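Take a look at the model below.

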Amino acid sequence: MNYPWHLYVMAALYVVAGINHFIKPKFYTRIMPYYIPKHTLLVYLSGTAEVILGISVCIPALKNIAIIFIILMLLMFLLVHFYMLSDKKASAGLPTWALISRIPLQFLLMHWAYSYLSL
């Protein structure tokens, strides 16, 4: 099945983002809320999930379920974005406007993923 080129862009973004969890795990552990246990394990699991889901959206039999899981994953990542706003260390030195702008970006990413469910 031929998907639009931008679905492959989305897939590549998740694969690259997932791989980055393995390249820079300390960055991701630093931005995780203190109330969530096992930061390092969760960083590696979320990186693995991003890679698998990014690949899965390109496989017709897995595309729709992968998209649903991407949307759920992005919802869970909102916890991190709100935590980054509330904790100076977790903010990674980003200005407040950038941290705030990441929240609607999550919803745009969810909408982008959702737009492929009907293909």
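**A proline and its surroundings**

Beyond its neighbours within four places in sequence, Pro33 is in contact (heavy atoms within 4.5 Å) with His39, Leu79, Val80 and Tyr83. This is a predicted model: local features need pLDDT of at least 70, side-chain atom pairs count only at pLDDT 80 or more, and totals for chains, interfaces and linings use all residues. Residues are numbered from 1 along each chain as its sequence is written, and side-chain values use heavy atoms, leaving out hydrogens and water.

Pro33 sits in the loop between α2 (25-30) and α3 (39-56). Helices here are DSSP runs of H or I, at least four residues, numbered from the N terminus. Pro33 counts as buried because its relative accessibility is 0%, and buried means under 20% relative accessible area, exposed over 50%, partly exposed in between (1.4 Å probe, protein chains only).

Now turn to α4 and α5. Their axes, lines fitted to C-alpha atoms over the stretch in contact, come within 9 Å and cross at roughly 170°. The two helices are therefore roughly antiparallel (angles over 145 degrees, on a scale from 0 to 180 between N-to-C directions). Residues making the contact include Ile67, Leu75 and Phe82 of α4 and Leu99, Phe107 and Tyr114 of α5.

Phe107 belongs to helix α5 (residues 96-114). Phe107 is partly exposed, with a relative accessible area of 45%. Helix α4 (residues 63-86) gives the most to the patch, with five residues.

Definitions and conventions. Parallel < 35°, antiparallel > 145°, perpendicular 65-115°, else oblique.
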